Amino acid sequence: MTQVTDRPMLPADPDSSPYWEAIDRGELRVQRCTTCATWRWPARAMCNHCFGFDHDWPAVSGKGTVASWVRTHRAFLPQFADDLPYVTVTVRLAEQPDLLLVGQLADSHAEPEPEPEIGMPVRAVFRGVSEGRGLVFWEPEA
Ligand SMILES: [Zn+2]
């Protein structure tokens, strides 16, 4: 398996940098409007529910269910070649029905290949945190 730290990372931006800083500490935090308490992801300057600008970054449970998934058999970047085939999941977080995060299913290249199901409970796990370049993966809830 390719080291997480070998993967290209998104450039930091002012809206999402608290998310990445939390991941590097092994925490999953999501932006939330402090006016109406609506969670919002991707992070953005203005709440799409009340149009407020104030927000905070509380920790979330890290639990959710698979909303969709796809198995990738070809590497679009060479850093992912050793992980093939891998599964990317869209996870509906427990905090709010329309709060969706995308990530890789942990160890999804294992044999036999895991068969995710829509609605399958998953939880966040962190890889690469000790190297200072953390990423969230999702693993089936036992
Ligand atoms: Zn709001």
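Colleague: What makes the lining of the largest pocket nonpolar, polar or charged in this predicted model?

Modeller: By class, 14 of the lining residues are nonpolar, three are polar and one is charged. Gly counts as polar under the classes used, and Gly103 is among the residues that lie nearest the pocket centre, together with Trp20, Val102, Gln104 and Leu135. The lining has 18 residues, and the volume of the pocket is about 570 Å³.

Colleague: Which element gives the largest share of that lining?

Modeller: That element is β5, with four residues. The elements giving two or more residues are α1 (17-23), β4 (86-93), β5 (100-105) and β7 (135-140).

Colleague: Why is the site of the zinc ion called tetrahedral?

Modeller: Four donors count as tetrahedral if all angles lie between 85 and 135 degrees. The angles among the four donor atoms here are 102 to 115°, so the site is tetrahedral. For four tetrahedral donors the ideal angle is 109.5 degrees.

Colleague: How do you know which atoms are the protein donors of the zinc ion?

Modeller: A donor must be an N, O or S atom within 2.8 Å of the metal. The SG atoms of Cys33, Cys36, Cys47 and Cys50 lie 2.2 to 2.4 Å from the zinc ion, and therefore count as donors. Their spacing along the chain is C-x2-C-x10-C-x2-C. Cys36 and Cys47 both lie in the loop between β1 (32-33) and β2 (55-56), so this pair ties together parts eleven residues apart in sequence.

Colleague: Why is Cys47 called buried, and why is Cys36 called partly exposed?

Modeller: Buried means under 20% relative accessible area, and exposed means over 50%. Cys47, at 1%, is therefore buried, whereas Cys36, at 27%, is partly exposed.

Definitions and conventions
Residues numbered from 1 in each chain as written. Predicted model: local features only at pLDDT ≥ 70, side-chain atom pairs only at ≥ 80, totals over all residues. Heavy atoms only, no water. 1 Å grid on protein atoms, 1.4 Å probe; cavity = no way out; pocket = protein on both sides within 12 Å on 5 of 7 lines; lining within 4 Å. Points joined across faces, edges and corners; volume = space filled by probe spheres on them. Donors = N, O, S within 2.8 Å, 3.2 Å for Na, K, Ca; no water. Tetrahedral: all angles 85-135°; square planar, octahedral: opposite > 155°, others 65-115°. Buried < 20%, exposed > 50% of the residue type's maximum accessible area, 1.4 Å probe, protein only.
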